[in-house]
Amino acid sequence: MGEEYSNISRASAQCGAVVTFVGLVRDIYDEKDSGESVQNIELEHYPGMTESICTQIIEEAHQYYPFDAVTLIHRVGKLGPNAQIVFLAVASQHRENAFNAAQYIMDYLKTKATFWKREVGSRGSQWLGVKEKDAKAVQRWLSMREKNEQ
Amino acid sequence: MIKVLFFASLREAAGVDEISVDAEAVSNIRELVKALAKQLPSELVEALADESAMVSVDHRYAGWEAELEDGAEVGFLPPVSGG
């Protein structure tokens, strides 16, 4: 992670801000105090389409919130609690675009990028789907875009 | 031929991750699903019945009415959950 940050922070002498995000595997289910635990997750993806969709999401983010450099790394396979799932770094001249682009990329990644996560734990094994809050987050960007275009 | 790929829960329902279908027999996604119903488990047919699964053609999201050409790659995609 340190190396990735170091690389992107040197991407351009004009960069005044780098926003980074790391998504981790939790060992708990979404409901609080369920007393049950997740042992690991298994992540799979659609090779070829995943890269294509992620590129498209990054290009869209750049169109609305121009930035100078981006790094997006997503792991697949079996991952245990606390393992890093996704790393995103966005570098821009000022912090506003770096924050907005990072949020935009993550919101769309969660709802459009062809990754599938299976939780394995005390409840057995189950595939996860799009969470309502993630779908709402994308809706927020769409509403904002429509408002700006009016 | 049309290459058909299944992912995650839909792969488990299909019992296979990939299948080829004669392109002359189907011209769109709905016809493809009807053709798949004849050779794949009822679990898959049930999972696709309400058309809530996302579909891709050649690595792009597509609608269920999307036309298919010989050589196309179709993906049946359950709700995603990356990040």
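Biologist: In chain B, what share of the contacts with a separation of 6 or more comes from residues 24 or more positions apart?
Modeller: That share is 52% in chain B. Two residues are in contact if their C-beta atoms, placed from the backbone, lie within 7 Å. Before we go on, this is a predicted model, where local features need pLDDT of at least 70 and side-chain atom pairs count only at pLDDT 80 or more, while totals for chains, interfaces and linings use all residues. Residues are numbered from 1 along each chain as its sequence is written, and chains are lettered from A and ligands numbered from 1 in the order in which they are written.

Biologist: Thanks! And what is that percentage for chain A?
Modeller: For chain A, residues 24 or more positions apart make up 73% of the contacts with a separation of 6 or more.

Biologist: Which elements does chain B have, and in what order do they run?
Modeller: Chain B has 3 helices and 5 strands. Starting at the N terminus, the order is β-α-β-α-α-β-β-β. Helices (H or I, at least four residues) and strands (E, at least two) are DSSP runs, numbered from the N terminus.

Biologist: How do strands 3 and 5 of chain B run, parallel or antiparallel?
Modeller: Strand 3 (residues 54–57) and strand 5 (residues 73–77) of chain B run antiparallel, joined by 4 bridges. Within that pair, B:V55 sits opposite B:F76 of strand 5.

Biologist: I was eyeing B:K38. Is that one buried or exposed?
Modeller: B:K38, which is in helix 2 of chain B, counts as exposed because it has 7 C-beta neighbours inside 10 Å. A residue is buried if 20 or more other C-beta atoms lie within 10 Å of its own, exposed if 12 or fewer, and partly exposed in between, with C-beta atoms placed from the backbone. Of the 83 residues of chain B, 35% count as buried.

Biologist: Switching to the two chains together: how many residues of chain B are in contact with chain A?
Modeller: 13 residues of chain B are in contact with 23 residues of chain A. On the chain B side, helix 1 (8–14) and strand 5 are the elements that give two or more residues. The residues on that side divide into 6 nonpolar, 7 polar and no charged. In this count, Ala, Val, Leu, Ile, Met, Phe, Trp, Tyr, Cys and Pro are nonpolar, Asp, Glu, Lys and Arg are charged, and the others, Gly among them, are polar.

Biologist: How many residues does the largest nonpolar core have?
Modeller: That core has 51 residues, and those with the most contacts inside it include A:I57, A:A101, B:F7 and B:L32. A nonpolar core is a set of buried Ala, Val, Leu, Ile, Met, Phe, Trp, Tyr and Cys residues joined through C-beta atoms within 7 Å. Its largest share, 8 residues, comes from helix 3 (residues 95–112) of chain A.

Biologist: What does A:A101 touch?
Modeller: Leaving out residues up to four places away in sequence, A:A101 touches A:A61, A:H62, A:Y65, A:F67, A:V90 and A:S92.

Biologist: Last topic: how many helices and strands are in chain A?
Modeller: Chain A has 4 helices and 7 strands. One open sheet there has 4 strands in the order 4-2-6-7, with antiparallel pairing.

Biologist: And which strands pair with strand 5 of chain A?
Modeller: Strand 1 (residues 17–24) pairs with strand 5 (residues 84–92) of chain A in the antiparallel sense over 8 bridges. Strand 3 (residues 69–74) of chain A also pairs with strand 5 in the antiparallel sense, over 6 bridges. There, A:L72 stands opposite A:L88.

Notes
Pairing = 2+ DSSP bridges.
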